[in-house]
Structure formats: C-alpha cells, structure tokens
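This report looks at how two chains meet. It then turns to the backbone.

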2 protein chains.
Amino acid sequence: MTARRTTMREVALKAGVSVFTVSAVVNASAKVATNTRQSVLEAMRVLDFEPNHAARAMKLAKSMSVTYVVSDPGQFTDEAVGVNLAGMLEALGAHGYNLVIESALKDFSELKRALRQGRIDGAILSAMPPGPMLEELLLWTQPFVLFDQPSAPTGVPTVFASYRSGIEAAVDHVAARGRRRIAFVGGPPVAQLNVLHNVERYAGFTEGCRRAGIAADPTLIVNSDFSIQGGRAAMRRLLEQTPPDAVVCATDRLAVGAVHAIQAHGLRVPDDIAVTGFNDSEFAIATDPLLTSAHFPVREMGFRAAELLIRRIEGRLLPGQERLEIPIDLIVRGST
Amino acid sequence: MTARRTTMREVALKAGVSVFTVSAVVNASAKVATNTRQSVLEAMRVLDFEPNHAARAMKLAKSMSVTYVVSDPGQFTDEAVGVNLAGMLEALGAHGYNLVIESALKDFSELKRALRQGRIDGAILSAMPPGPMLEELLLWTQPFVLFDQPSAPTGVPTVFASYRSGIEAAVDHVAARGRRRIAFVGGPPVAQLNVLHNVERYAGFTEGCRRAGIAADPTLIVNSDFSIQGGRAAMRRLLEQTPPDAVVCATDRLAVGAVHAIQAHGLRVPDDIAVTGFNDSEFAIATDPLLTSAHFPVREMGFRAAELLIRRIEGRLLPGQERLEIPIDLIVRGST
DNA sequence: CTGTTAGCGCATTCAG
DNA sequence: CTGAATGCGCTAACAG
C-alpha cells in the first residue's frame, strides 16, 4: 500500500555524506559547508525525500499538533466553528503545527489519553461548561487555553469576548435612541451548556438598564432557547402585554424570530419596536430590516487562541499576557 | 515540560514480565495467559500507562489520522462544515482514527508532503474545482475520497448529492402546483469555485422545465453570487419585468434575499410568487413564510465519506461501492 | 565542519 | 505461551 518512502540514510548515501549531515541540513541545526549542503539538497530533491514525521515526533517527544475540542456536539452546528477553525489554522500553520479535531468532550479521559500518548502537544477548549471539569483544569500542567470563557480564573490562558459588555452596548444604544421599555430575550435559564454565557448576557442587560436609569422590568424578561423558533415564541409572549419599544436578544437567531413575530403582529421594526441581535452572524442580514448586532471577530479570536497555546507549549508565555479580552463592537443597522 | 511518560519497559518490570508480553496484551496480538494478562493490566493501571503514539506510528508506518481539506478558505464560512465534521468524526472515532484539518488547498504540494511524511494516512477532499488538480488525482495511489463532487470519474471514491436532481425536484414541485412562469436564481456564471455545482443546478432547472413542458425562458434566468444580498438584487431584477409566479433558487441564502425583495415589492409569498431554497440550512427557517428547500443529510455524508476512506486505507474497498450518491429530499414548507 | 554512535518506545522475529 | 534481541527513521552527544 504505502510506497516505501526514502530515508535519510538513502539521501546520505546518494550525497556521499553521513546521516548526520543530512539531518543537519534538514533542520538547519548545525553549520554545513555550502557545497555539501547543495549536494544534500540535490539528493533530497532527486529522491523526493520527506522526513518521517513519526520518527521525528518520537525523537523530539513532540507531535507538533494541537487539538480543538468543543464541550457539546451541538456546537458543531454553529456557523462560527468554521471561521474559528480558519483563524486557528492560520496561526498554527505559521508555526508548523497541525490541528486535530476531537469530537465533543464528555469528560477529560479522552483528551488526557491523547496528551499522554503524545498524540497532541496541547489543547484549545471551547466554551467549557462550568463545573468540576473546569476546576480540574487548574491543576493541569499540560498546555491548554480556554476559548470563549469569560469567567476563567486569572492565570489561566484564555481568549474571550465579553458578552456582558456586548449586551450592555446594545441596551445603551437603544436607550440613547429614546427607548425606555426595553425587553430582553435570553437563552435557557438553566442548561448544562452555556449557562455562563447566558448569565453574562443577562448581567449585561440589567447593568445596561441601570446605567440608562431604567428599572429592569421582570415582565419584559423572557427566557427561551437560542433558536429562531424560540425567538418567535418569546416575542409573541411579549406582545401579549403592553409591547416593549425595544427588544435586546441574546443571539441573532432569537432576533430573527422576534422580528418575524413583531411583523406578523402588524407592528413595524424599528418604528414601533427596535430589535438587536448578537453575534453579527449572517442571520443579522437575513431579516428586513437588517439587524443591529454585537460583533466580535471570531476568526481573530481563533488566531489568538492558537498563538497563545503555541506560546504556552513552547514556554514563551509571559505572565500577564495569558488573558485576552477581545472587544465587541455594536454594528448598527436598520433594526434600531 | 512534558512529564516523563511511563514506557512499556517500566510496565513489564513492574508486572514481572517481558516487554513483549506487555505489547501482546496492549494489542491483543498474541495469546497471553489470563493471570499474566491481569497483572500486566494492573501494572498498566497503576503506572497510568499509555502507549506512545509516535513510536507506534513509526513502527507500524501508520499515523491513524486522516485529513479533511477544503479547496477554498471561504468554505469554512459555510455553516455545513461543522456538521460535516461531526459526521466524519463519528466514523473516524469508531475506527480509532484522528481527524486533522488542513487549511485551504492551493495546490497539492502540502497535502502530498503530509502524506509522504506519514503524518496522515489519507484525505477527504471537499468540493474540488474541476481542472488539472482533479485530473492529477486519478494517478494517485494514496488513499483519498472526493466529497461533494458529482462529476467525479467512475472508480474514484466519492460521496455526493445530486444537486441536479434536487433542483429538478424543486421545479417539479412548483410546476405541480400550477406555476408556469418559473424563474431561476443561480450562482456566479463563471467562478473558480463551485462552477461545477452551478452547472449541475442549472442543468437541473432546464431539465425540470423540460419535464414540466415549460420552455425555459432566458429572461427568467438570473445569475448572482450565493449571498443574501445577491438574492435581493437578483429578485429585484426579475421584478422589473412581468414577475414570475415561482422562483427556484440555487441556495437558501439567495432565497432569503428573494423573499425580502418580493415582499418589499408589495407581493406575497407564496400567493403571488412561490420561492424555493436549496440546502435546507437554518436559513430556510429564517424567513416568513418558511422556505421549501432541498435537503441533504450533511452529517451522514460526512460519516459515509470517512467510512469510505477508512475502507480504502485498509484495503477493504470493494469495486462498485466507491461511488455513493446521497438522495436529496425536498422539504415542503410555507413558501410554495 | 563532518562522521560515529547511541538511543527514543514500540512491535516482532526467533529461540526457549 | 514467554523472553531476548533487532530495527523502524531520526536527532544529538561526542569525537575526530
């Protein structure tokens, strides 16, 4: 099956040098006379030599690959995953690392095995649910970085965007446009997944109201799931009472549903009710009018996370630079 | 950094057996007396032993990992990528394989290097543009499978859905509901990417019209890009003339835009104009009314592709089972 | 500057 | 059934 691959010995033989010399030119690890190098390079080219990865990995005790692991299989449905991957790949590729994907994380056993087997050198852990697993991490000596985890303890390498401040910005924005009866459509009140994010967003809402001098009205706060249908249902509930004049949604999907429910009810966006989304995903331009939405640069976040991990793996992570908060911008469009 | 990992020798020492015996129980490669096995297992447990992956890979000349490569970085933006990954992971995991992601493919040099280096055992190539690269593949002896590539030559392992028949089904459907003036909103007429898919879809449209006994009207065929905005623009153009009574779109995004343009024009969906999408992505439920859309099981396709590749790697791919067409179903919703 | 030598951790031949 | 010995392809001391 696998065609016999050429080895360093063959290259050395052909070039009339020792194996060491070949290794030296491959890794630029030692000075080699220009003409010897040339003949080695030539031999490599002719024989189409590529250094065997496994042998290298074994010798160096380094796999040159890292893993990206999501805490919930549902996350793969998120359209941001692909963009995130692209960002990580860019950073990893620049440093010669590979990205291996693990399926969703039930517990750490599989990940720890991969680490112990030397299959990977480190891990990027995305949106871990709070709980014992997260705390176990604090004891780890293995390189890892948390992704999208605002409440990570200090000292733990983390790349995140503050959902809280994103929602706050949305509330500020609609309040600045004179809206006073502001509703909030959030995610599931208690779920294994993303509770944290939900809590963050909810906190952003109450804080935003406080700053705007508005008493957050409990009847204007609705929990839902993160889906379009959930947004429709939640908004319908809000329309059963005196309608709000603005609705801040925890995701773009929810906002899409909200817009539909409002329009189906015979009201107009933004004239009667302003709506904000969250994530600035493509759903934000899938409504008419387009959605005002909180944007964070997913690709860049992936890039940063990978860079952080590499620094950590290579022992070049300086204290104070482990925690990276990515700013969120509110993109204002027609819905407000 | 990396804590010294325990080796087979240490396990052997502790269990009072030879290294061979340990290897035998780890790989179940030879008969071992039950009680010796027990003590070995016990020693492994106590020492927390995991076989070193690199050493194994070197010895067996097998990396136990495969790669998934997209032909265009833009593909990572596609929300289907994540789902696809999940499907592949499921199949790969069941056979002990890892998935490593490569960044977009410019040429094959990087992929071939990975193969030669023994870093991967095979590759899943997604939506390759037609051209010399594709033809080069026919000469490959390395294991690979094409994904989402309807026109692959026979004999080349391929998993795909017939876009053509999907569009045909959409045309059939609206024609069966009495629509006669059917428009088509397609992707870019000539693009490096996905030309093939576009051609396929266009062919599906003309074939569908033929079968319905409708002369395909060139003024009702509009090319665009694959975006929501593109759909809006294309539909606006169609509304400048005598409006169609149905619009078949090449993607859900285009359909979303089309629905907006129609409604903004003061017409109703589906009463005045029926609209169909394609992909049954989440965008299909991001309109009001919801979109009728052609559905294909992305996750299953990923699963199948991975299985095919594994069979190919392990030399268990029987002739006649290399080409797998996944059926497309038309999901009928409110837009028609 | 270059060649010799000794393993890295594991799977596997060949004797026992 | 078990054990000692060999080598996979490469890197890195150590000598020359």
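## Contact between the chains

Contact here means heavy atoms within 4.5 Å. The model is predicted. By that cut-off, 50 residues of chain B are in contact with 50 residues of chain A. About 4600 Å² is buried between chain B and chain A. Carbon and sulfur atoms give 58% of that area. Which residues of chain B lose the most area to chain A? They are B:Arg5, B:Glu50 and B:Arg116. Together these three account for 14% of what the chain B side buries.

## Polar links and make-up

Six salt bridges are counted between chain B and chain A. One pairs the side chains of B:Glu282 and A:Arg253, at 2.5 Å from N to O. The count of residue pairs in polar contact between chain B and chain A is 16, with both residues at pLDDT 80 or more.

Several elements of chain B give two or more residues to the side that touches chain A. The helices are H4 (53-60), H5 (80-94), H6 (109-116), H10 (228-239), H11 (252-264) and H12 (298-313). Strand S2 (98-101) of chain B also contributes. By class, this side of chain B holds 25 nonpolar, 12 polar and 13 charged residues.

## A strand pair across the interface

Strand S2 (residues 98-101) of chain A is joined to S2(B) by three bridges. The two strands run antiparallel. What is the bridge partner of A:Ile101 in S2(B)? The partner is B:Leu99.

## Backbone exceptions in chain A

Most residues other than glycine have a negative phi, and most peptide bonds are trans.

A cis peptide bond joins A:Val269 and A:Pro270, with omega about 5 degrees. A:Pro270 sits in the loop between helix H11 (252-264) and strand S9 (274-279) of chain A. The bond from A:Asp288 to A:Pro289 is also cis, with omega near 5 degrees. A:Pro289 is in the loop between S9 and strand S10 (292-295) of chain A.

A:Met64 is not a glycine, yet its phi is positive, about 55 degrees. A:Met64 lies in the loop between helix H4 (53-60) and strand S1 (65-70) of chain A.

Definitions and conventions. Residues are numbered from 1 along each chain as its sequence is written. Chains are lettered from A and ligands numbered from 1 in the order in which they are written. This is a predicted model: local features need pLDDT of at least 70, side-chain atom pairs count only at pLDDT 80 or more; totals for chains, interfaces and linings use all residues. Side-chain values use heavy atoms; hydrogens and water are left out. Buried area is the accessible area (1.4 Å probe) that two parts lose on being put together, summed over both. A salt bridge is a side-chain nitrogen of Lys or Arg within 4 Å of a carboxyl oxygen of Asp or Glu. A polar contact is a pair of N or O atoms within 3.5 Å; within protein, one must be able to donate a hydrogen and the other to accept it, and residues adjacent in sequence count only if both atoms are side-chain atoms. Helices (H or I, at least four residues) and strands (E, at least two) are DSSP runs, numbered from the N terminus. Ala, Val, Leu, Ile, Met, Phe, Trp, Tyr, Cys and Pro count as nonpolar, Asp, Glu, Lys and Arg as charged, and the others, Gly among them, as polar. Two strands pair if DSSP finds at least two bridges between them.
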